[in-house]
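Here is a predicted model.

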Amino acid sequence: MEIARALVLATTNVDNRPWSSTGSGPKALVPVATKPILFHTLDSLRRAGVLEAALLVEESTAPIFRDAVGDGSRWGMSITYAPCEPLIDVCGALSLAQDFVGDEPVLVQPADAILRDCLREHVVDFAREDLDALALMLVRPRTEQPPPRQAGGYLLSASAVSIMRDAPSDRDPLARLRRHGSQVRELAVEGCLACHGSEASLLEANRHALAGIKTDVDGATLEGSEIQGSVVIHPSATLRNTLVRGPAIIGPRTRLVDSYVGPYSSIGADVRIEGTEIEHSIVMDWAQLLFVGSRLETSIIGRGASIVRRFDMPSAVRMSIGDGAQVALS
(Lines give C-alpha, C1' and ligand atoms only; values in the text may rest on other atoms or scores of the structure.)
Protein backbone atom coordinates (compact mmCIF):
# COMPACT_ATOMS: atom_id res chain seq x y z
CA MET A 1 0.00 0.00 0.00
CA GLU A 2 1.43 3.34 -1.03
CA ILE A 3 0.40 6.56 0.71
CA ALA A 4 0.37 9.35 -1.86
CA ARG A 5 -1.48 12.01 0.15
CA ALA A 6 -0.68 13.82 3.37
CA LEU A 7 -2.29 16.35 5.66
CA VAL A 8 0.18 18.69 7.33
CA LEU A 9 -1.09 20.56 10.39
CA ALA A 10 0.57 23.98 10.44
CA THR A 11 -1.65 25.69 13.01
CA THR A 12 -1.15 27.14 16.47
CA ASN A 13 -0.56 24.47 19.12
CA VAL A 14 -1.56 24.36 22.77
CA ASP A 15 1.96 25.34 23.90
CA ASN A 16 2.34 28.49 21.85
CA ARG A 17 4.71 30.45 24.10
CA PRO A 18 6.65 33.11 22.14
CA TRP A 19 10.28 32.69 21.13
CA SER A 20 12.12 35.94 21.72
CA SER A 21 14.90 35.21 19.24
CA THR A 22 12.77 34.37 16.20
CA GLY A 23 10.28 37.18 15.71
CA SER A 24 6.51 36.93 15.38
CA GLY A 25 6.09 34.82 12.24
CA PRO A 26 4.88 31.21 12.13
CA LYS A 27 7.15 28.98 14.19
CA ALA A 28 7.07 26.26 11.54
CA LEU A 29 9.08 28.58 9.27
CA VAL A 30 11.88 29.12 11.80
CA PRO A 31 15.08 27.43 10.56
CA VAL A 32 16.79 24.39 12.03
CA ALA A 33 19.83 23.01 10.22
CA THR A 34 19.59 26.19 8.09
CA LYS A 35 16.15 25.57 6.58
CA PRO A 36 12.59 26.06 7.89
CA ILE A 37 11.20 23.37 10.16
CA LEU A 38 8.29 22.77 7.76
CA PHE A 39 10.72 22.14 4.89
CA HIS A 40 12.24 19.22 6.80
CA THR A 41 8.75 17.75 7.15
CA LEU A 42 8.02 18.17 3.44
CA ASP A 43 11.39 16.62 2.55
CA SER A 44 10.53 13.61 4.69
CA LEU A 45 7.05 13.25 3.17
CA ARG A 46 8.40 13.33 -0.37
CA ARG A 47 11.03 10.69 0.40
CA ALA A 48 8.20 8.56 1.83
CA GLY A 49 6.42 8.65 -1.53
CA VAL A 50 3.87 11.40 -0.88
CA LEU A 51 2.85 13.22 -4.08
CA GLU A 52 0.07 15.50 -2.79
CA ALA A 53 -0.11 17.42 0.47
CA ALA A 54 -2.69 19.74 1.96
CA LEU A 55 -1.35 22.32 4.39
CA LEU A 56 -3.89 23.19 7.09
CA VAL A 57 -3.22 26.79 8.08
CA GLU A 58 -4.99 29.61 9.86
CA GLU A 59 -6.30 32.42 7.66
CA SER A 60 -3.95 34.94 9.28
CA THR A 61 -0.83 32.94 8.36
CA ALA A 62 -1.95 31.45 5.04
CA PRO A 63 -0.28 34.16 2.88
CA ILE A 64 3.02 33.69 4.73
CA PHE A 65 2.98 29.94 4.17
CA ARG A 66 2.01 30.37 0.51
CA ASP A 67 4.93 32.72 -0.07
CA ALA A 68 7.38 30.37 1.64
CA VAL A 69 6.19 27.02 0.29
CA GLY A 70 4.49 27.83 -3.01
CA ASP A 71 2.84 25.05 -4.98
CA GLY A 72 5.24 22.35 -3.83
CA SER A 73 7.13 22.07 -7.11
CA ARG A 74 10.52 22.32 -5.37
CA TRP A 75 9.68 19.02 -3.64
CA GLY A 76 8.09 17.40 -6.68
CA MET A 77 4.75 17.49 -4.87
CA SER A 78 1.44 19.25 -5.37
CA ILE A 79 0.66 21.37 -2.30
CA THR A 80 -2.71 22.97 -1.62
CA TYR A 81 -3.89 25.06 1.34
CA ALA A 82 -6.91 24.55 3.57
CA PRO A 83 -7.90 27.30 6.03
CA CYS A 84 -8.81 26.04 9.48
CA GLU A 85 -9.18 27.06 13.11
CA PRO A 86 -6.26 27.00 15.56
CA LEU A 87 -5.67 23.84 17.62
CA ILE A 88 -7.35 21.57 15.06
CA ASP A 89 -6.85 17.87 15.87
CA VAL A 90 -6.45 14.83 13.65
CA CYS A 91 -10.14 13.99 13.47
CA GLY A 92 -11.04 17.61 12.72
CA ALA A 93 -8.38 17.74 10.00
CA LEU A 94 -9.74 14.59 8.34
CA SER A 95 -13.26 16.02 8.39
CA LEU A 96 -12.16 19.41 7.03
CA ALA A 97 -10.06 17.89 4.24
CA GLN A 98 -12.58 15.20 3.26
CA ASP A 99 -12.62 16.24 -0.40
CA PHE A 100 -8.82 16.20 -0.58
CA VAL A 101 -8.37 12.83 1.12
CA GLY A 102 -11.31 11.07 -0.57
CA ASP A 103 -11.27 7.30 -0.17
CA GLU A 104 -7.49 7.00 -0.05
CA PRO A 105 -5.02 6.19 2.74
CA VAL A 106 -3.39 9.27 4.16
CA LEU A 107 -0.50 10.37 6.34
CA VAL A 108 -1.33 13.06 8.91
CA GLN A 109 1.65 14.90 10.39
CA PRO A 110 2.29 18.04 12.43
CA ALA A 111 4.28 20.61 10.47
CA ASP A 112 6.94 20.66 13.19
CA ALA A 113 7.55 16.91 13.53
CA ILE A 114 11.28 16.22 13.27
CA LEU A 115 11.91 12.46 13.23
CA ARG A 116 15.24 10.63 13.40
CA ASP A 117 13.87 7.65 11.47
CA CYS A 118 13.19 7.52 7.75
CA LEU A 119 9.44 7.92 7.30
CA ARG A 120 9.50 5.63 4.28
CA GLU A 121 10.37 2.66 6.49
CA HIS A 122 7.21 3.19 8.53
CA VAL A 123 5.07 3.38 5.38
CA VAL A 124 6.48 0.00 4.32
CA ASP A 125 5.78 -1.52 7.76
CA PHE A 126 2.26 -0.09 7.73
CA ALA A 127 1.52 -1.82 4.42
CA ARG A 128 3.26 -5.10 5.28
CA GLU A 129 1.34 -5.51 8.53
CA ASP A 130 -1.96 -4.54 6.86
CA LEU A 131 -2.71 -2.02 9.59
CA ASP A 132 -5.62 0.41 9.75
CA ALA A 133 -3.57 2.90 11.74
CA LEU A 134 0.05 3.32 12.75
CA ALA A 135 0.75 6.07 15.28
CA LEU A 136 4.33 7.33 15.50
CA MET A 137 4.72 8.22 19.17
CA LEU A 138 7.67 10.42 20.02
CA VAL A 139 10.27 9.42 22.59
CA ARG A 140 13.35 11.23 23.89
CA PRO A 141 15.83 8.62 25.12
CA ARG A 142 18.20 11.07 26.80
CA THR A 143 15.49 12.95 28.71
CA GLU A 144 15.34 12.31 32.46
CA GLN A 145 11.64 13.15 32.74
CA PRO A 146 9.18 11.16 30.59
CA PRO A 147 7.85 13.40 27.82
CA PRO A 148 4.13 14.03 27.33
CA ARG A 149 2.42 11.70 24.87
CA GLN A 150 2.97 13.32 21.51
CA ALA A 151 2.43 11.86 18.08
CA GLY A 152 4.83 12.64 15.27
CA GLY A 153 2.37 11.38 12.68
CA TYR A 154 -0.44 8.97 11.84
CA LEU A 155 -0.57 6.55 8.90
CA LEU A 156 -4.22 5.78 8.21
CA SER A 157 -6.00 3.39 5.87
CA ALA A 158 -9.05 4.48 3.90
CA SER A 159 -11.36 2.64 6.32
CA ALA A 160 -9.68 4.31 9.32
CA VAL A 161 -10.14 7.72 7.70
CA SER A 162 -13.88 7.13 7.23
CA ILE A 163 -14.25 6.16 10.91
CA MET A 164 -12.10 8.94 12.37
CA ARG A 165 -13.44 11.84 10.31
CA ASP A 166 -16.85 11.39 11.94
CA ALA A 167 -15.45 11.03 15.44
CA PRO A 168 -15.67 13.82 18.03
CA SER A 169 -12.42 15.30 19.29
CA ASP A 170 -10.75 12.89 21.68
CA ARG A 171 -7.56 12.98 23.69
CA ASP A 172 -6.81 9.65 22.02
CA PRO A 173 -7.70 10.05 18.34
CA LEU A 174 -7.35 6.28 17.84
CA ALA A 175 -9.89 5.34 20.52
CA ARG A 176 -12.79 5.14 18.06
CA LEU A 177 -10.77 2.84 15.80
CA ARG A 178 -10.07 0.48 18.69
CA ARG A 179 -13.75 0.34 19.57
CA HIS A 180 -14.44 -0.66 15.96
CA GLY A 181 -11.92 -3.48 16.19
CA SER A 182 -9.53 -1.88 13.72
CA GLN A 183 -5.90 -2.97 13.51
CA VAL A 184 -4.04 -0.22 15.37
CA ARG A 185 -0.41 -0.06 16.44
CA GLU A 186 1.66 2.54 18.25
CA LEU A 187 5.35 2.72 17.46
CA ALA A 188 7.92 4.59 19.55
CA VAL A 189 10.16 6.76 17.34
CA GLU A 190 12.88 9.18 18.33
CA GLY A 191 12.03 12.77 17.52
CA CYS A 192 10.33 15.90 18.74
CA LEU A 193 7.77 18.56 17.93
CA ALA A 194 9.95 21.58 17.33
CA CYS A 195 7.27 24.24 17.90
CA HIS A 196 5.85 22.80 21.12
CA GLY A 197 7.51 24.42 24.10
CA SER A 198 10.33 26.83 24.77
CA GLU A 199 13.36 27.52 22.59
CA ALA A 200 14.87 24.36 24.08
CA SER A 201 12.52 22.47 21.75
CA LEU A 202 14.00 24.37 18.81
CA LEU A 203 17.52 23.36 19.83
CA GLU A 204 16.39 19.76 20.23
CA ALA A 205 14.91 19.81 16.73
CA ASN A 206 18.18 21.21 15.43
CA ARG A 207 20.06 18.27 16.98
CA HIS A 208 17.70 15.76 15.38
CA ALA A 209 17.93 17.46 11.98
CA LEU A 210 21.74 17.47 12.07
CA ALA A 211 22.12 13.89 13.27
CA GLY A 212 21.87 12.33 9.83
CA ILE A 213 23.90 14.71 7.69
CA LYS A 214 26.84 13.54 5.57
CA THR A 215 30.00 15.55 5.04
CA ASP A 216 29.96 17.87 2.03
CA VAL A 217 32.51 20.66 1.89
CA ASP A 218 33.18 20.69 -1.85
CA GLY A 219 33.75 24.16 -3.22
CA ALA A 220 34.02 25.92 0.13
CA THR A 221 37.09 28.06 0.81
CA LEU A 222 39.01 26.45 3.68
CA GLU A 223 42.19 28.34 4.54
CA GLY A 224 44.16 26.82 7.40
CA SER A 225 40.93 25.26 8.72
CA GLU A 226 40.11 21.79 10.03
CA ILE A 227 36.90 19.80 9.60
CA GLN A 228 36.09 16.97 12.00
CA GLY A 229 33.05 14.68 11.80
CA SER A 230 29.98 15.20 9.64
CA VAL A 231 29.96 18.76 8.37
CA VAL A 232 28.13 20.46 5.49
CA ILE A 233 29.58 23.74 4.24
CA HIS A 234 28.00 25.71 1.44
CA PRO A 235 30.36 26.24 -1.55
CA SER A 236 30.14 30.02 -1.15
CA ALA A 237 31.23 29.99 2.52
CA THR A 238 34.75 31.03 3.60
CA LEU A 239 36.63 29.62 6.59
CA ARG A 240 40.01 30.84 7.74
CA ASN A 241 41.95 29.36 10.70
CA THR A 242 38.74 27.77 11.96
CA LEU A 243 37.89 24.38 13.48
CA VAL A 244 34.45 22.91 12.73
CA ARG A 245 33.49 19.79 14.65
CA GLY A 246 30.32 18.08 13.43
CA PRO A 247 27.60 17.45 13.11
CA ALA A 248 27.34 21.02 11.93
CA ILE A 249 26.20 22.98 8.91
CA ILE A 250 27.47 26.31 7.53
CA GLY A 251 25.24 28.36 5.23
CA PRO A 252 25.93 30.34 2.05
CA ARG A 253 28.23 33.38 1.99
CA THR A 254 29.06 32.92 5.66
CA ARG A 255 32.54 33.90 6.84
CA LEU A 256 34.30 32.25 9.79
CA VAL A 257 37.69 33.54 10.93
CA ASP A 258 39.82 32.37 13.88
CA SER A 259 36.80 30.59 15.34
CA TYR A 260 35.51 27.26 16.63
CA VAL A 261 32.12 25.81 15.66
CA GLY A 262 31.26 22.76 17.74
CA PRO A 263 28.79 19.88 17.44
CA TYR A 264 25.10 20.42 16.74
CA SER A 265 25.56 23.94 15.46
CA SER A 266 23.71 25.46 12.51
CA ILE A 267 25.12 28.65 11.04
CA GLY A 268 22.82 30.44 8.58
CA ALA A 269 23.46 32.54 5.48
CA ASP A 270 25.54 35.74 5.38
CA VAL A 271 26.76 35.24 8.94
CA ARG A 272 30.06 36.69 10.13
CA ILE A 273 31.87 34.99 13.02
CA GLU A 274 35.35 36.06 14.11
CA GLY A 275 37.39 35.16 17.17
CA THR A 276 34.46 33.28 18.69
CA GLU A 277 33.66 29.77 19.97
CA ILE A 278 30.15 28.37 19.67
CA GLU A 279 28.51 24.94 19.91
CA HIS A 280 25.07 23.33 20.31
CA SER A 281 23.55 26.51 18.90
CA ILE A 282 21.62 28.09 16.05
CA VAL A 283 22.86 31.26 14.38
CA MET A 284 20.36 32.71 11.93
CA ASP A 285 20.95 34.69 8.74
CA TRP A 286 22.90 37.98 8.80
CA ALA A 287 24.00 37.62 12.44
CA GLN A 288 27.43 38.74 13.67
CA LEU A 289 29.53 37.24 16.48
CA LEU A 290 32.79 39.11 16.84
CA PHE A 291 35.41 38.36 19.53
CA VAL A 292 32.73 37.40 22.07
CA GLY A 293 35.29 36.15 24.61
CA SER A 294 33.27 33.35 26.23
CA ARG A 295 32.19 30.19 24.44
CA LEU A 296 28.53 30.34 23.41
CA GLU A 297 26.56 27.17 24.16
CA THR A 298 22.91 26.16 23.67
CA SER A 299 22.22 29.59 22.22
CA ILE A 300 19.89 30.92 19.55
CA ILE A 301 21.09 34.03 17.75
CA GLY A 302 18.27 35.66 15.78
CA ARG A 303 18.32 37.11 12.27
CA GLY A 304 20.55 40.16 12.05
CA ALA A 305 21.51 39.94 15.73
CA SER A 306 24.95 41.17 16.72
CA ILE A 307 27.24 40.38 19.65
CA VAL A 308 30.49 42.31 19.40
CA ARG A 309 33.31 42.80 21.91
CA ARG A 310 34.90 46.23 21.63
CA PHE A 311 38.55 46.75 22.48
CA ASP A 312 38.61 50.48 23.06
CA MET A 313 38.48 51.87 26.62
CA PRO A 314 36.42 51.37 28.64
CA SER A 315 36.09 47.76 27.49
CA ALA A 316 32.58 46.55 26.68
CA VAL A 317 30.48 43.94 24.91
CA ARG A 318 27.91 45.41 22.53
CA MET A 319 24.73 43.44 21.76
CA SER A 320 21.71 43.76 19.52
CA ILE A 321 19.06 41.24 20.63
CA GLY A 322 15.28 40.87 20.54
CA ASP A 323 12.59 41.52 23.13
CA GLY A 324 12.60 39.09 26.03
CA ALA A 325 15.96 37.59 25.08
CA GLN A 326 18.17 36.04 27.75
CA VAL A 327 21.93 36.65 27.90
CA ALA A 328 24.29 35.03 30.41
CA LEU A 329 27.96 36.02 30.32
CA SER A 330 30.64 34.48 32.51
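**Strand pairing and burial**

Alanine 6 lies opposite alanine 53 of strand 4 in this predicted model.

Q: What makes strand 1 and strand 4 a pair?
A: Five bridges join strand 1 (residues 5-9) to strand 4. The cut-off is at least two bridges, so the two strands pair. They run parallel.

Q: How do you know that strand 4 pairs with strand 5?
A: Six bridges link strand 4 to strand 5 (residues 78-83). At least two are needed, so this is a pair. These strands also run parallel. Alanine 53 has isoleucine 79 as its bridge partner in strand 5.

Q: Which elements make a right-handed β-α-β unit with strand 4?
A: Helix 2 (residues 62-69) and strand 5 make that unit with strand 4.

Q: Why is strand 4 called largely enclosed?
A: Strand 4 spans residues 52-57, and five of its six residues are buried. The rest of the structure therefore largely encloses strand 4.

Q: What makes cysteine 192 buried or exposed?
A: Cysteine 192 has a relative accessible area of 0%. That is under 20%, so cysteine 192 is buried.

Q: How many disulfides does the structure hold?
A: The structure holds zero disulfides. Cysteine 192 is in none: the nearest cysteine sulfur, that of cysteine 195, is 9.3 Å away.

Note on methods
Residues numbered from 1 in each chain as written. Predicted model: local features only at pLDDT ≥ 70, side-chain atom pairs only at ≥ 80, totals over all residues. Heavy atoms only, no water. Disulfide = S-S within 2.5 Å. Buried < 20%, exposed > 50% of the residue type's maximum accessible area, 1.4 Å probe, protein only. Helix = DSSP H or I, 4+ residues; strand = E, 2+ residues; numbered from the N terminus. Right-handed = clockwise from strand over helix to strand, strands pointing away.
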